[in-house]
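Please read the points below with the sequence and the model open beside them. They go from the parts of one chain to the contacts between chains, and then to a few single elements.

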Protein chains: 4
Amino acid sequence: MAENGSKKIRLGMVGGGTGAFIGYVHRVASRIDGDYDLVAGALSSRPDVARESGRNIGLAEDRIYTDYAEMARAEAARPDGIQAVSIVTPNHMHFGPAKAFLEAGIHVICDKPITSTLADARALAEIKPKNGAKFLLTHNYTGYPLIRQAREMIESGRLGKIRVIQAEYPQDWLTEATSDDNKQASWRTDPARSGAGGAIGDIGTHAYNLLRFVTGLTTEAVSADLTSFVPGRQLDDNVHILLRFEGGARGMLWASQVAVGSENGLQLRIYGEKGGLEWRQDNPNYMWFTEFGKPKQLLTRGGAISGNAASTMNVRIPSGHPEGYLEAFATLYSQFAEVIRGGGADYDGLLPTLRDGIEGMEFITASVKSSQNDGKWTKFSDV
Amino acid sequence: MAENGSKKIRLGMVGGGTGAFIGYVHRVASRIDGDYDLVAGALSSRPDVARESGRNIGLAEDRIYTDYAEMARAEAARPDGIQAVSIVTPNHMHFGPAKAFLEAGIHVICDKPITSTLADARALAEIKPKNGAKFLLTHNYTGYPLIRQAREMIESGRLGKIRVIQAEYPQDWLTEATSDDNKQASWRTDPARSGAGGAIGDIGTHAYNLLRFVTGLTTEAVSADLTSFVPGRQLDDNVHILLRFEGGARGMLWASQVAVGSENGLQLRIYGEKGGLEWRQDNPNYMWFTEFGKPKQLLTRGGAISGNAASTMNVRIPSGHPEGYLEAFATLYSQFAEVIRGGGADYDGLLPTLRDGIEGMEFITASVKSSQNDGKWTKFSDV
Amino acid sequence: MAENGSKKIRLGMVGGGTGAFIGYVHRVASRIDGDYDLVAGALSSRPDVARESGRNIGLAEDRIYTDYAEMARAEAARPDGIQAVSIVTPNHMHFGPAKAFLEAGIHVICDKPITSTLADARALAEIKPKNGAKFLLTHNYTGYPLIRQAREMIESGRLGKIRVIQAEYPQDWLTEATSDDNKQASWRTDPARSGAGGAIGDIGTHAYNLLRFVTGLTTEAVSADLTSFVPGRQLDDNVHILLRFEGGARGMLWASQVAVGSENGLQLRIYGEKGGLEWRQDNPNYMWFTEFGKPKQLLTRGGAISGNAASTMNVRIPSGHPEGYLEAFATLYSQFAEVIRGGGADYDGLLPTLRDGIEGMEFITASVKSSQNDGKWTKFSDV
Amino acid sequence: MAENGSKKIRLGMVGGGTGAFIGYVHRVASRIDGDYDLVAGALSSRPDVARESGRNIGLAEDRIYTDYAEMARAEAARPDGIQAVSIVTPNHMHFGPAKAFLEAGIHVICDKPITSTLADARALAEIKPKNGAKFLLTHNYTGYPLIRQAREMIESGRLGKIRVIQAEYPQDWLTEATSDDNKQASWRTDPARSGAGGAIGDIGTHAYNLLRFVTGLTTEAVSADLTSFVPGRQLDDNVHILLRFEGGARGMLWASQVAVGSENGLQLRIYGEKGGLEWRQDNPNYMWFTEFGKPKQLLTRGGAISGNAASTMNVRIPSGHPEGYLEAFATLYSQFAEVIRGGGADYDGLLPTLRDGIEGMEFITASVKSSQNDGKWTKFSDV
């Protein structure tokens with residue numbers, strides 16, 4: 001990755017007060033490649049938390065806000081105002097800030113899923129961003145170098161026509177009922193804040209987005225069986241989905257928050273007429289590649305494989321020196337920085353957009369509907 | 001495993017001529033623990049092949065048969081006649097020999113699936129075996145020591161109530177169209193000899209049988225999406241199935257013969273309220289066990305775990321000295337030998353029976369029917 | 001592997017009474033491919049144990065012996081006497097039986113190390129076997145198909161000139177002091193029965209034999225640091241050795257009986273000018289192969305690799321169906337059976353011989369001497 | 001890890017011009033936790049490269065230097081001068097800058113090995129830093145959370161008294177002769193710039209430092225066999241070392257730059273009277289822990305294990321979200337920032353110091369000497 005410290009972008013943040021997981025992740029991601037300076041924030045809706053959180057990360061007093069709308073107004077008015085903002089609030093609080101900043105001409109970096117309802121997602125697509133402000137959805141797993149490489153290999157035909165996709169994303173952290181004290185758990189299991197999907201929205205969308213990103217296939221319909229195993233839980237904590245794609249490929253998607261022994265086991269396996277690829281997020285520097293009739297090969301991030309631009313473009317350090325989750329996240333940030341600067345880099349299709357966010361909501365909504373209809377095959381156009 | 005060389009059982013074989021994979025496997029399995037003497041056979045329906053194959057493995061000339069019915073008659077009449085017979089023909093040729101030998105009072109060891117149609121399987125259950133002749137179905141993967149241990153751990157509550165089951169059995173050997181020269185492939189892809197299921201019958205049943213064996217759960221219904229990817233192939237080569245179990249557990253089952261890079265990747269993962277287990281057949285001496293909130297443990301065949309009889313009962317050599325497919329197969333043979341001798345060993349529930357064979361056919365038939373009905377949830381009682 | 005049941009070889013056994021680990025292993029190995037009938041034995045020096053053990057495995061009363069010398073005499077005199085004998089006693093009891101049976105014209109299959117002293121090993125080489133009786137040393141790990149394949153790959157230059165060898169064999173079963181009740185442990189830690197080496201004789205020789213078998217390199221000298229960690233133990237339980245080979249290659253060999261967490265971790269890694277190979281015994285159906293500058297390949301037993309006879313010759317069942325320790329052991333037995341029958345099969349260099357046994361003792365003796373001399377580089381010709 | 005953006009430290013850099021691997025790594029490491037602002041640099045001894053590299057990363061023109069001595073003087077004189085400097089030049093260029101900045105009262109962060117000669121290292125210890133300027137040696141692998149956890153587990157007796165250490169660091173990037181164009185390779189294989197050790201200085205010291213860091217054992221003596229396999233290479237590219245520690249523990253250390261198929265295979269395995277630990281750098285979020293007689297446990301970074309402060313202190317994101325090489329490096333930077341701020345955090349023994357640097361040079365020098373003396377056991381006090 002290139003360093004471009006001379007052209008830092010002024011960044012703000014909505015959400016992400018002290019103790020918030022994903023806000024912290026976004027901040028680290030924005031720092032790794034040195035493309036951003038975080039200079040303003042509405043880090044919490046609670047004024048005291050907002051203030052203390054802002055001070056803690058070094059914001060100037062006059063750029064610590066307690067209200068995102070005020071922040072959008074004030075920053076747009078400053079000559080040194082922020083050029084981009086990261087939205088890292090719970091799902092139901094994505095729409096408002098996204099609209100406000102886009103309409104203020106400030107680029108938006110938004111955590112996934114894009115909104116808590118499909119209607120909100122579609123409404124967001126109707127907004128007219130001022131001055132061509134752009135939108136990045138942080139489906140961060142698409143930033144892993146080997147995921148980019150997998151996409152390129154499939155695009156260039158190394159696997160032949162795709163037949164079978166196995167995607168899964170098991171976790172176990174919600175195996176037992178959670179107390180309200182658990183900040184991460186409480187909003188994710190609350191329909192009012194998270195939306196109609198539990199596991200399917202929090203992690204199922206990641207798995208779905210990843211398989212779409214890598215294969216480029218168009219989904220035809222889904223058949224879902226969503227379950228909520230923990231007594232009292234309102235949202236699904238286990239997701240079984242069958243998928244059909246245009247052209248005939250078939251898929252399975254499993255997401256779970258109650259798979260004991262699974263930390264963050266996102267895995268993608270893709271099989272075509274000529275070859276197969278297998279990748280796991282928890283050891284992301286390796287990917288299995290098999291050409292039919294030949295031994296399996298273990299591809300490594302940045303390691304030896306011929307004729308693949310993606311295998312080097314997204315890599316910071318040599319193979320054998322593991323990169324991880326934060327670096328993959330940072331790749332989205334730094335490539336979006338290039339887009340903001342208008343540097344001409346062509347990341348078309350590589351950086352997740354509003355369109356990907358809407359499709360994610362369609363996936364959630366269609367799956368929930370299918371599950372309610374006893375697994376009836378459901379098209380995205382039906383929701 | 002005990003050796004019991006002083007009480008060898010006289011064994012015959014139907015099918016398994018030179019070049020046949022599974023017949024060879026049965027013979028090795030019968031030899032490993034020294035419980036059987038193979039003394040008679042109708043190894044092929046082609047007389048010359050039957051004769052040469054018989055000589056090759058050391059059968060006496062007068063006990064090389066070319067017809068199973070004749071063999072059943074002749075052996076039942078001899079004072080030194082066979083006490084048991086292994087049936088290792090293609091699926092559609094299981095029913096006839098099984099009936100003939102059971103009715104002749106000779107114990108039957110039959111390869112899976114039990115028959116090529118559900119009707120045949122149910123008919124077999126109506127037969128009256130002479131002299132209490134017994135029936136063993138070689139769902140060989142149930143013979144792996146760690147699979148026995150998993151079953152015992154679940155039975156004794158180590159995982160708590162089961163919630164989620166992930167079973168899969170990917171292979172890639174039928175990725176391309178096969179010539180008629182490939183003996184293994186040709187009958188497995190031919191509905192007349194294999195039955196209504198392709199991958200689902202050949203390997204899907206193994207995965208299904210294994211999850212049933214280990215969890216003891218009763219299946220409520222299946223929703224299936226069966227596909228035949230290779231042009232011209234009449235039977236399915238890729239199987240996606242959702243399962244519902246009594247008590248609320250949910251499962252997914254994937255079987256494939258076109259998953260490039262998969263040799264024989266049978267895998268079982270089971271998650272309960274308190275713990276999880278994960279096992280792969282291609283490295284069968286290891287099993288992951290996680291108690292919720294504790295580090296994953298790597299259990300080893302014959303290795304350290306407290307209070308588990310199964311962990312030692314089915315083991316031949318110390319942990320670290322890998323046992324494999326043939327030993328697991330042999331365990332079924334040697335424990336069935338004990339049953340034949342009436343030695344009192346209690347293998348109830350451990351050795352697959354006619355009832356398991358019928359359920360396997362119900363699973364195949366219900367899945368095929370569900371797939372034809374666009375994934376409609378289908379009960380076994382509906383087929 | 002071919003089956004040759006029509007030409008079974010009559011086999012005897014010395015040692016291997018009930019409860020003995022390695023005697024049981026030899027018996028299973030002799031059965032797997034159906035080449036042998038075990039018909040006589042002096043299974044213990046204690047008459048009652050010998051008798052009960054013999055009955056247990058089905059020996060006729062008149063062929064249960066309590067003395068190996070008597071057994072050699074009697075069997076040589078019978079028209080249906082044994083043609084081969086397996087010697088599975090503790091190390092110090094190898095020489096006597098080996099001499100007796102070879103001089104009686106009976107082929108000998110002897111467990112390793114060949115003797116308990118180098119002098120005995122050299123004396124054995126002076127014996128004149130009657131009627132060309134042959135000798136097999138069961139360095140069983142050489143029977144693994146991928147080990148055979150590795151040997152062939154190196155011989156044919158796939159790795160280029162060998163530079164570095166890393167061999168290791170960690171176990172942990174002697175981490176604590178053992179009671180006399182532990183039959184396996186007690187003789188292995190007793191110099192009178194085991195010889196001058198502890199871990200180096202029991203497992204170090206296996207690792208050494210394996211690296212020699214696979215690379216074909218000639219050892220120039222060793223520098224050793226042997227340690228006995230457990231208080232009161234007389235023999236080494238941890239072995240660190242540096243090796244120099246003719247032609248300039250270098251090696252390290254680690255063997256340990258106190259490496260907590262290691263069951264039977266024999267591992268061999270070999271690096272040449274053009275490629276590298278890595279293999280572990282505890283998952284023996286896989287081997288890593290890297291050509292410099294290309295991705296690592298995972299070779300599988302019986303799987304796809306071009307132009308390698310060894311990759312198929314020693315395989316029983318298709319890749320993905322794991323074979324293990326007993327099958328590798330059985331391969332030595334069945335190929336020795338071919339040699340006994342004089343069938344013309346050329347296993348020269350593949351089946352471990354008396355010469356390998358002597359070199360194993362030289363390795364032990366030179367290492368012990370080097371360690372006593374503070375790691376002085378020691379040649380085998382110096383001991 | 002805490003964020004402390006309100007108290008950023010002004011940082012300079014010596015070396016690390018465009019294209020330099022380790023300089024880039026230091027810059028990323030300094031950014032990840034937001035503790036530093038890089039504001040000055042003498043990034044190259046070639047003025048044009050220094051200037052362009054400085055501009056590229058956003059340095060102000062007047063703080064781009066072409067001479068480190070001038071930089072030390074000028075920055076010490078500025079009110080907003082740098083508080084710390086990173087030295088990322090080739091080994092022989094560490095001493096001069098380190099001395100200059102320490103004597104100017106500027107904290108030094110220095111890449112390893114500390115110098116190119118033991119004499120330089122010892123001379124560095126004689127310098128009187130102005131104003132208590134501190135020194136950090138970036139033995140970055142000590143920053144991995146599980147390495148910290150291993151150290152704490154051993155310190156608290158979880159393994160019992162240590163017996164055996166196996167450390168290794170294989171790479172393959174110098175398998176073939178390198179051209180002068182390869183900047184990374186050329187100075188590392190040049191005695192004038194790298195010092196007396198090749199692989200032993202570049203990677204052997206890492207492995208040595210790591211085993212010392214984790215076990216706390218004191219080295220008694222080393223016996224080494226260093227080899228240079230590639231024709232024309234002046235320095236060792238393969239290192240075999242035996243180690244003896246006070247108290248009786250024994251070790252082996254292998255480092256190689258010609259082990260084909262090894263990317264950056266740093267591995268540490270430690271065995272004590274009660275337990276064992278195994279860790280690999282290329283998958284650093286996992287560590288095996290075995291208590292004797294119990295199943296192996298797979299500990300995860302930030303995952304479940306009781307009573308271990310280190311298991312959480314050095315972690316940024318939840319288990320299952322992999323952290324890598326850059327994060328471990330960053331931990332040294334951010335904890336050194338706390339030390340610089342005098343915040344009272346007690347990292348005594350955790351952050352590598354000048355004393356560790358000297359011991360690293362003693363290790364290199366003693367090993368080279370031992371190898372020249374045919375493996376004679378050599379104490380650090382002898383060099």
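1. The centres of domain 1 of chain A and domain 2 of chain A, taken over C-alpha atoms, are 27 Å apart. Domain 1 covers 5–137, and domain 2 is made of 144–282 + 285–317 + 354–372; these bounds come from an automatic or database domain assignment. The model is a predicted one, in which local features need pLDDT of at least 70 and side-chain atom pairs count only at pLDDT 80 or more, while totals for chains, interfaces and linings use all residues. Residues are numbered from 1 along each chain as its sequence is written, with chains lettered from A and ligands numbered from 1 in the order in which they are written.

2. Between the two domains of chain A, 18 residues of domain 1 are in contact with 18 residues of domain 2. Contact means that the C-beta atoms of two residues, placed from the backbone, lie within 7 Å. On the side of domain 1 that touches domain 2, helix 5 (118–126) and strand 5 (135–137) of chain A each supply at least two residues. Helix 5 of chain A has the largest share, five residues. Helices (H or I, at least four residues) and strands (E, at least two) are DSSP runs, numbered from the N terminus. By type, this side of domain 1 of chain A has ten nonpolar, six polar and two charged residues. Here Ala, Val, Leu, Ile, Met, Phe, Trp, Tyr, Cys and Pro count as nonpolar, Asp, Glu, Lys and Arg as charged, and the others, Gly among them, as polar.

3. How many residues of chain B are in contact with chain A? 31 residues of chain B are in contact with 31 residues of chain A. Strands of chain B that each supply at least two residues to this side include strand 6 (162–170), strand 7 (219–227) and strand 12 (286–291). Strand 9 of chain B gives the most, with four residues. The side of chain B that touches chain A divides into twelve nonpolar, twelve polar and seven charged residues.

4. Chain B is superposed on chain A by a rotation of 180 degrees with 0.0 Å of shift along its axis (RMSD 0.0 Å). Of the contact residues of chain B, 100% recur in chain A, and the same surface serves both copies. Superposition is by least squares on the C-alpha atoms of residues with pLDDT of at least 70 in both copies.

5. For chain D on chain B, the superposing rotation is 180 degrees with 0.0 Å of shift along its axis (RMSD 0.0 Å). The two copies are thus related as by a two-fold rotation axis. Gln297(D) is the residue of chain D that comes closest to the rotation axis, at 2.2 Å (C-alpha).

6. Ten residues of chain D are in contact with ten residues of chain B. On the chain D side, five are nonpolar, three polar and two charged. Strand 13 (residues 296–300) of chain B and strand 13 (residues 296–300) of chain D run antiparallel and are joined by three bridges; strands pair if DSSP finds at least two bridges between them. Gln297(B) has Gln297(D) as its bridge partner in strand 13 of chain D.

7. Thr300(D) lies in strand 13 of chain D. Is Thr300(D) buried or exposed? Thr300(D) is buried, with 23 other C-beta atoms within 10 Å. A residue is buried if 20 or more other C-beta atoms lie within 10 Å of its own, exposed if 12 or fewer, and partly exposed in between, with C-beta atoms placed from the backbone. Leaving aside neighbours within four places in sequence, Thr300(D) is in contact with Glu263(A), Asn285(D), Tyr286(D) and Ser319(D).

8. In helix 3 (residues 68–77) of chain A, the residues Tyr68(A), Met71(A), Ala72(A) and Glu75(A) are buried. Seen down the axis of helix 3 of chain A, these buried residues fall within an arc of 100 degrees, so they line one face of the helix; the arc is that of the directions from the helix axis to the C-beta atoms. Exposed residues Glu70(A) and Ala77(A) sit on the face turned away from the buried side. The cover over the buried residues of helix 3 of chain A includes strand 1 (9–14), strand 2 (36–42) and helix 4 (95–103) of chain A.

9. Strand 6 (residues 162–170) of chain D is mostly covered, with nine of its nine residues buried. Strand 6 of chain D pairs with strand 10 (residues 267–272) of chain D in the antiparallel sense over six bridges, and Glu168(D) stands opposite Gln267(D). Strand 6 of chain D is also joined to strand 9 (residues 250–256) of chain D by seven bridges, and these two run parallel.
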